[in-house]
Each structure stands twice: as C-alpha cells, then as structure tokens.
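The sequence and structure come first.

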Amino acid sequence: MSDTKFQASEAFAMASNDRTDGNATVPPPRSAIHSGDNSVWADASPLLHAACQDLKEGELIHGDNFNLYAAMSALEIMDPKMDSGIACKYYSLEEAIEDGAAPIPISVDKTTDVRCTIDIMDHLLACEATWHKGHSLAQTVYSCLYLLQTERTSSHALLHSYCKVIQETCKEVLSVVSDARTHEEEDLFTMSYGLPLGGNGDEKCLSMLNAVEETVSRQLRACKASSSKKRVSEDIEPLQNNPDLEEGYCKALLCRLRFRKHFYHLLISMRRPQGRGLELGRKHIASCIAEIDSIRKSSMFLRARAQEISGQNRSNTTASGNQPIGFDASINCRLAAPTPPRAIEILSWEKALDYFVKLLQDLDHICSYTLDPSLEAALLFVVNFQKSQPDLVSRAHLQILLVQGGKLYGREPIFSVVIRAAGLPEFTKSHVIQENEFMVQLGQLVINLLKILCTNAAWQRRKLGKMLQDWRVTYVQLELAFEKEFGETSNISDNKHISITIFQQILPWVEEQTYWIAYRFLILGFELELYSVHDYCMVYWYIYAVLTKLAEKKHIRMAMSSGTAKKKTKKKRDYLKDARTDYQIPAAVLFLQSQIYLAEGLSMMLAALRNEHKLVPPQSPFNTEREVFMQQFELLQKACLPDHVSYVTFKESTIHADFSTQVLSDHFKEAHRIAKDVKSSFAHDADMMAEIRRIEQVAEHNNIALNVISRVGALEPSLKISFTFTHHPFFATAIVKRS
Amino acid sequence: MIEGLSPSSDCTAHNRNISHAATSPITVVFSSPVIDCRSTYNIVASSFVDLSRLKQGVQRRHTMETSTKESLELKKVDCDASEIEYVSYGGEHHLPLIMNLVDQELSEPYSIFTYRYFVYLWPQLSFLAFHKGKCVGTVVCKMGDHRNISRGYIAMLVVIKPYRGKGIATELVTRSIKVMMESGCEEVTLESEVTNKGALALYGRLGFIRAKRLFHYYLNGVDAFRLKLRFPRPELHPSLPVMADKYGSSHIPSDLDNSAFEQ
C-alpha cells in the first residue's frame, strides 16, 4: 500500500475516534508511518461529518464501473479480523530487528545461545510441517526473522548453515510441487511472492552444513574423551560452557543437523530423472528416520534444561517447551496469501515429527517402486499408494516420477505404453499409426490420467468425472477413423494389415480404460462420503452396470491379445492346450465377476429394504429420486457410460426386489465362490490377495444378514438394519440388530 | 460461505439510492478480500464508503461485545413453532438484525457491503425469523445465471443457539427455495463444512445431494461439500454431443412412464 492510502486509513481512524471520544483531538497512535515525499497528512473529519449529514441510511456513494459485487472484497479498517495492518506487532523487518526481535548472537552466554538455536531449529521444523499441510510459506517457515535476512547470521555458523539448508530445502520442495501443476486446491502452498528463497545452488549450503556437523562431532568426541579421562588429542573449543551439558547438547544438535542433511540429499536423489536416484533415496530415508528417532530422544534432556528457566512462555512447537526467539507470524502479512489475517496454528513439535515420519514412509513407498513398464501396473501402484492418504509433497513426487517429458518414467514413449497395455506385440510400437491425431490425443489422455490419479481424492474425482467424455469422444473418433480407412470390417485376420490389428485391439482397450475411470469415479464417492445411505442402492446398481461393461471389455481385449500371440507362435503351439485355454476366463475377469455379484447383491438388498419400507428415504418437498439419480450420474450419462442405462431401467430392475426368494442370497454366494476360486491365480500378489479376502468377508457377512432378515421377516419392527464399511472401503456390510 | 462466481449483472437496484457528495468522492483502497474460502482473490479498489457505522457512532467491536454476551444464554427457549413469525426482508431496518446475527454466530468477518449485495439485489430471497419481537434466525440468498443455468445460492443461514432444533432453519430455507423455484431457478446450491452434521441432515431432507467435496475449502483446513438441489424439469430429448449422431435415439431414456415411480 502506498503512503497516500495509509494516510486515508489513518484519517478514518482518527475521525471515528473523534466521534466516540468527544471533541478532543486524538494524537496519531504511533509515528511509525511517516509522511512521504509526495504526501502530507490531511484531516478528513469535516468532510466525513458533512457526508454523514448529507446521506441517509442505506444510501451509498460510489464511482463508475464499480458494482456492489466487487464491494464484497472491502475491509473494515481497524477491524482486526479483516485489517491485517492492525494485527501487526512490527511494521517491517527492520523495525523488528531494531527492536531486538532476532538478536545475533542469540545470547552472549554460549549455553543459552545453543539452547535457543535448538529451539529455533525445532520451531522451524514445526513451521515446515505446517506449510506442507497447506498453509502459506510466508506465514510459516518465513515467519522466521533470521531466514528473511540470512546475511545477518553469517557470524553464527550453526544458525547460518541451518537457515541456508532450510531455504534450499523449501525451494526444492516448492519446485517439485510447482512442476507437478496439479495442486489447484492446495494453491496456498506455492505462493512465495517476495520471499528470499535462496538459489545459490545446493553445493554451498551442504558444505557449510557438513563443516558445522564436523565441528560438533569433534566437540562431542572431545567431551566424551575428557569425561572418560582420556587425553584429548585435539585442542577444540567446546560447544558451550557447561561441561555437564556438553554431551547432551552436542547430540541434540547432531541429529538435527544430520536429519536436514539426509532430507536434502533425499530430495535431490528423487529429482534425478527416470528414477535413477530412488535406491539412494531409500538409504537417505532410512537415515532420516533414524535421526528423527534421535531427535525425539533428545527432548527429555532439553525439557529438563528448560524447566530450570522459570517464567518462560510454554510452547509446544519445540522439544524443550520454550518459545523460540526470532519468529513473528505477522511480519509477512503483506506478502501472505490474500486471505484475512488470522493466526495460523503451527503444528506441535510432536505432530511435526509424526508428519515427517509419514512423509518419509510415503516417499519410501515411491522409492521402492520397480518402475514396471506396464501401464496397468503403474495405475495399480498409484491406486495402492493413495490408500495411505499421502499429502501433497509425496503425491507431487510420485507424479513427477511417473510422468516426465510426456513419457512414462521419462523414458517410455506413451504410444508404446498404450501398445503394450492393449496387448499388442512389441514391434507395433514404432508403427506410423502413432502419428494419427486421435492416437496422439489418446496418448495425452493417458498422461493426464496418470497425473490426475496422483492428486487428492476430492479434486481427483471431479477431474475423473470430467475426463469421461474426453475418453468417450476419443473412442468414437478412433472408431470412425478406423471405419473410414478400412470400411466395415470386423473379422479380418490378415496380418499384413497391422494397422487394422492395432485399431482392433486398441479400441476395446480404450473402452475398458474408460469404464475403469467410471468405476473409480463411482467408488471414490464412498471415500469422500458423498453418498447418503439412501443413495447406496442406485450407486451400487450403477457400479454393477459399469463393472459388467468393464469385465466384458477386458475379456475382449485379453482374448484378442492372446489370439494375436497365438498367431505368432502358431507353428509351435500344442493344439490341445489351445482348446483348453480357449474356454478359460482369465483370472482378472473372474475377479471383476465377483465384484459384479457383490454390487448387484447390495443394490438388490437395499432395493428390497426400500420396497419393504425398512429404509425410507426422506420426502423432499422439492424433488424426487429421479432428480437425485440424474444428478449423481450426470457425467456418466452424458458420456453414455454405459449405454441404455437410465433412471427408468434402474427402477425396472429394482422395483420388485424383495426378501422372499433366494435371488438376493445367490448374488452373495456367487461372489464368495468366485472370489475363493480365483485366489490361487493371485497367490503372488499380496495386495490382490488382501482385496479378495475383503470381498469374501463382505459377501459372507451380507449373506448372514440376509438370512436373518429372511428368517425374522423384513417387516418386523424390532429389526434395525444399518450399513458399515469395516470390511471393505466401498462395499458395505449390512448389520442387523434386534432391539 | 460466499461463492465466488464471476460478477453477475450490474446492480441497478441500488442506483436510485445513490447520491454523490458535492466534492469528488473519497477513495479508500482496501488490500485484501474478506472471503473466508478460496473463491476470489482479486484485489479491488473500492470506492464505496458506507457511513452507517459512523452515523450510529458505535464501533464495530463494541457492538460485537454486547451481542456476544446475549448469546451466552445457551439455555433453550421453550416456544411453540406457531410462535415464530417469518418475515421477508423488508428494508434497512432489517439489515442490522441480520448483521448482528451473522456476526455473532460465524467467525468469518463480512463487511457491510457483503450484506448489502445480497439484500439489495435479492430482497425477496432473504427471510428473518422472529420470536416475540426478537430476531432469532435469518437466511440470506441470491440467484443468477451460471453457465446458462438459473441457479439459486444460499449464502448465510443462522439460527441462534437457544432456538435450534425447532425446525426454524428448515422453514427459513424452505421459504427461500420456494421463491427461487417460483422465480424459475433450475437448481439451488451452497457449501457446507463436512463436519456440519446438522446442516447436512437439514439439506439432505430437502433433497440436496453432496455433489462435490472441496479439499481444504475453509482456511482452517476443513473440507466442504458443495450441496446441490435440482428441481424436476420436463425432459424431452436431452441433447448429448456426438453420441446422438452415432448412437441414434436408442439411448434416450423414455420418461413417459415415470409416473409409476414418483412418490
């Protein structure tokens, strides 16, 4: 804000004070804001008094081209909830420094200086975790006055090197998240306008940190040597004055310095292209976790030291419990995100350590990925990774690893990824068809899909929903292009037309992938708690419809690709084996079958409960179930996924569901049977085995619930039925209680 | 709780109340928006000056203190539903009542212009609930075109604590939605914290679905649901791009037989 505008606000403040305090002129509160070169104070009180007489209540003065909607962005000056200037302690960094808010050295007494330095390090860690969790950099990490002018700290080796490495670390993390460009709702994170982010290159900060670590290590060795009465080989100045505390302080410092060193190395390793640094990354992760453990252990020593100092404000953002010196949350209020001024609650030190441990575990998960060139494996990896609800920083790292320069892992061209996914032979990946505009479009869709799957679930679902039409349109365009070039053909087996084969296999694969996205869109609704229990029936019914199509397309695609493989090795084939494998449904398809039966069973059970008035939806005065259906599945309906599915067909399928027949029970029994049978095919895959077991459990429990309902009678008033997700994240289990 | 849509049509409603000062208008620059959620981040120069506070000679903080004391009476008030009087927004005299209620109950600051925006342009959509002359609840809404769909928006809904659980909020919202429906709105929307079970239940009963979840929508890190209510509409031939040509009319749902399924 320029000078003239500040003066106006001061004038207003003065004017309103005037009115309430009578006629006495109130002196300006603080002369922190000076008249500028081109500006002078003017008393606006008479003008305001005149205006008050002139306007009636409800009348407004305004200028042209300015509507009332824009006025909503107005603030009330001096209201601390809106006026960030009022809430500031210091007008500027200079004022804060002049006031002694960030002394260098922190204390003349070396012991105090070391103790305070450790507090600063701890609070910075807590700020960093708070930043990662979604607040602005300016109000968290950069609330540290030392960080805002690191040149000031150059005489204090510990603080200086620590600040430098923090700057570089934050810059690294910022760059990964910015590059990912999928943090739309977490956009406060990357706001760094006006902040000194550093940028002298990593080597310098690491060498400074190493030097300091080396010094403290020697100090630790020296104090251990002197305590065991050994001769001190080096003549080294101790860290601080009190020999009894030397070991404790040295150790506390060392683990903090080492954590920073390994964390920074980790970030650099993970940034290496094509996943070349992942193995090294894992080593640094292990070191980080070990150092965090040491940091936690140091708190007992530090807290004991803190308790000797009485009258200090307690703080939960440091190991010692002391308030750190050199922080001011409001110092950057003008650089902060354009949000109302409010105190950000910095994570507690304990929670910050927990956050970093989780972050490291998530990064370790990423670093242990084998970079399987199969798209299906990549998709499955991301889906599994997301189960632990990783935060923005690790998600961004995964995305950067998966998609680089338009290639999978930065090395697999997307067309060859698609070729492999569609089950086509390797040599087709260099076919000229990849230049077809719709093939290129398809490649883009695959890249986008991978990126979107790395985002937070809420945003992810919206984007997946929107992309359904794009996938559908691309399919139609590919199909049209195919028909145009080769006419209405479906049974050509002539291998000379490789293009035909490519099209014929890619098309069902595109459909399969589209239905997979639709399925993911639907089940994410459960995780995000978007469905009320009254929506479950229609949602499971739609899942049943989508899964049926998914299974169908998958089967077609797999049959086609095994057919192509067979043709290649025709001469060596055992024809008897051929006949047997022809009739075997692939395990992946069978697995889908079990889910289909489960979805159908749940949908019908819920429909029956509704038909028997056990689960009564609210009667809205404004709309009906039809509008709810149209809204829930609007994006799927728009993309015709699947065809011939509507509210009418939904009602037709469910209107007669009841508990009198075995039909309901059969669904769950089949689901259970197929799941059991298919287990042997997935014995090597721990994740799949866990999923199959969950499906078995849900099928079993629901069957039991059904039996109880059938036996007692659904109309029995004492019967209470509810649904839970204890056995499976999106397939519900019915719980039947007699009250 | 304010939705950030692109600026709607110009406010002509208030123009009749405009008077210009004899000298050039005072320009006051405000630096940041007060909106409590990540909708608009535009820094605007406001040339509006509202003198209602100065005229009343009462500072904002002072008003808030007294009203906070009132709200400390958390005892439930015994009253019958028939004792509650519902009134449509009637003018300037209602504005301070609405502002005090919202200031009391909600932690986010709204400037007076925010209130004026809603009640000036859509007075028929805001309602107040009175019990024995005391204002105990209010709903503030707007409506407009959003991507060619006429849409209502519920901006604020407050009922003071001693009067909760009596259906007053439901009644306020219902009245407003009825006006929206009669005015030709096709849908109604609002945002609500995912933790606000009461609001979710209330709107759920009225036919709203949770259309989206908005990650960390509120600055305290809480997620929000976008709730949406769609009114029934005559569905003849829903236009579907590309698909219609390719697949013909076989996929268009036949809506003629819906009567059998309506409640």
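## Salt bridges

A:K297 forms a salt bridge with A:D293, with 2.8 Å between the closest N and O atoms; a salt bridge is a side-chain nitrogen of Lys or Arg within 4 Å of a carboxyl oxygen of Asp or Glu. The model is predicted: local features need pLDDT of at least 70 and side-chain atom pairs count only at pLDDT 80 or more, while totals for chains, interfaces and linings use all residues. Residues are numbered from 1 along each chain as its sequence is written, chains are lettered from A and ligands numbered from 1 in the order in which they are written, and side-chain values use heavy atoms, leaving out hydrogens and water.

Both A:K297 and A:D293 lie in helix α10 (residues 278-307) of chain A, 4 residues apart, about one turn of the helix. Helices (H or I, at least four residues) and strands (E, at least two) are DSSP runs, numbered from the N terminus. A:K297 counts as exposed at 61% relative accessibility, and A:D293 as partly exposed at 38%. Buried means under 20% relative accessible area, exposed over 50%, and partly exposed in between (1.4 Å probe, protein chains only).

| Salt bridge | N to O distance | Burial |
|---|---|---|
| A:E512 and A:K554 | 3.2 Å | both buried |
| B:D223 and B:R213 | 3.0 Å | both buried |

A network of salt bridges links A:E634, A:K638, B:R151, B:E187, B:K228 and B:R230. Over all chains the count is 45 salt bridges.

## A:H132

A:H132 is found in helix α5 (residues 110-132) of chain A and is buried, at 3% relative accessible area. Its side chain makes a polar contact with the side chain of A:Y355 at 2.8 Å. A polar contact is a pair of N or O atoms within 3.5 Å; within protein, one must be able to donate a hydrogen and the other to accept it, and residues adjacent in sequence count only if both atoms are side-chain atoms. Leaving aside residues up to four places away in sequence, A:H132 touches A:V173, A:F189, A:Y355, A:F356, A:L359 and A:V393, where contact means heavy atoms within 4.5 Å.

In α15(A), the buried residues include A:F438, A:M439 and A:L442. At the start of α15(A), a side-chain oxygen of A:N436 reaches to within 2.7 Å of the backbone nitrogen of A:F438.

In chain A, 3 strands form an open antiparallel sheet in the order β1-β2-β3. Its edge strands, β1 (403-404) and β3 (412-413), each pair on one side only; two strands pair if DSSP finds at least two bridges between them.
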